Amino acid sequence: QVQLVESGGGLVQAGGSLRLSCAASGRTFSSYAIGWFRQAPGKGREFVAAISWSAGSTYSTDSVKGRFTISRDNAKNTVYLQMNSLKPEDTAVYYCAARWLYGYSLRDSSVNPDEYDYWGQGTQVTVSS
């Protein structure tokens with residue numbers, strides 16, 4: 001049974017940092033991409049960043065470039081989202097998700113949440129001004 005478990009959320013002041021973790025289990029993810037999405041109250045689920053598990057290539061949305069970094073630790077089966085210079089508009093529930101990527105471009109295939117197969121339960125990130 002595939003499980004994705006997020007952790008690391010919390011309350012932080014604007015300009016601060018948090019590191020989110022996504023622990024994956026239940027299958028081999030070498031042909032998968034792991035994506036981070038976020039959902040603010042009253043809004044749809046928004047793509048943040050994604051990583052190809054095997055190649056380690058990454059892609060992120062423009063609004064977080066230079067501030068957020070996605071990475072993975074193969075030995076721990078964990079993907080991280082390092083978030084620096086946080087802004088109040090980054091406040092949301094953050095989810096990690098997994099989708100089959102073999103044969104697809106990460107850039108073209110990681111943005112649409114409907115194309116992901118597995119989801120975690122989410123972790124709340126609140127940035128105060």
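## Strands and their partners

Visitor: Which residue of strand 3 is the bridge partner of Ser7?

Guide: Ser21 is the bridge partner of Ser7. This is a predicted model: local features need pLDDT of at least 70, side-chain atom pairs need 80 or more, and totals for chains, interfaces and linings use all residues. Residues are numbered from 1 along each chain as its sequence is written, and side-chain values use heavy atoms, without hydrogens or water.

Visitor: What makes strand 1 and strand 3 a pair?

Guide: Two strands pair if DSSP finds at least two bridges between them. Strand 1 and strand 3 (residues 18–25) have 5, in the antiparallel sense. So they pass the rule. Strand 1 covers residues 3–7. Its covered face holds Leu4 and Glu6, while Gln3, Val5 and Ser7 make up the uncovered one.

Visitor: How many helices and strands does the protein have?

Guide: It has 1 helix and 11 strands. Both are DSSP runs, numbered from the N terminus: helices (H or I) need at least four residues, strands (E) at least two. From the N terminus, the order is β-β-β-β-β-β-β-β-β-α-β-β.

## Aromatic rings

Visitor: Why is the pair of Phe37 and Trp119 called tilted?

Guide: The whole structure has 11 aromatic pairs. In the pair of Phe37 and Trp119, the centres are 5.2 Å apart and the planes make 50 degrees. Rings of Phe, Tyr and Trp (its six-membered ring) pair if their centres lie within 6.5 Å; planes under 30 degrees apart are stacked, over 60 edge-to-face, the rest tilted. So this pair counts, and it is tilted.

Visitor: What does this pair tie together?

Guide: Phe37 lies in strand 4 (residues 32–39) and Trp119 in strand 10 (residues 118–119), so the pair ties together parts 82 residues apart in sequence.

Visitor: Which residues form the aromatic cluster?

Guide: Phe29, Tyr32, Trp53, Trp100, Tyr102 and Tyr118.

Visitor: Why is Arg45 said to sit over the ring of Tyr95?

Guide: The rule asks for NZ of Lys or CZ of Arg within 6 Å of the ring centre and within 35 degrees of the ring normal. The charged end of Arg45 is 3.9 Å from the centre of the Tyr95 ring. Arg99 sits over the ring of Tyr104, at 5.1 Å.

## Ser71 and the whole

Visitor: What makes Ser71 partly exposed?

Guide: Its relative accessibility is 31%, so it falls in the middle class. Ser71 is in strand 7 (residues 68–73). Beyond its neighbours within four places in sequence, it is in contact (heavy atoms within 4.5 Å) with Ile51, Thr78, Val79 and Tyr80.

Visitor: How do you know the radius of gyration agrees with a compact globule?

Guide: The rule is 2.2 Å times the number of residues to the power 0.38, and the radius is taken over C-alpha atoms. With 129 residues, that gives a value near 14 Å; the protein has 14 Å, so the two agree. Of these residues, 42% count as buried.

Technical notes
Buried < 20%, exposed > 50% of the residue type's maximum accessible area, 1.4 Å probe, protein only.
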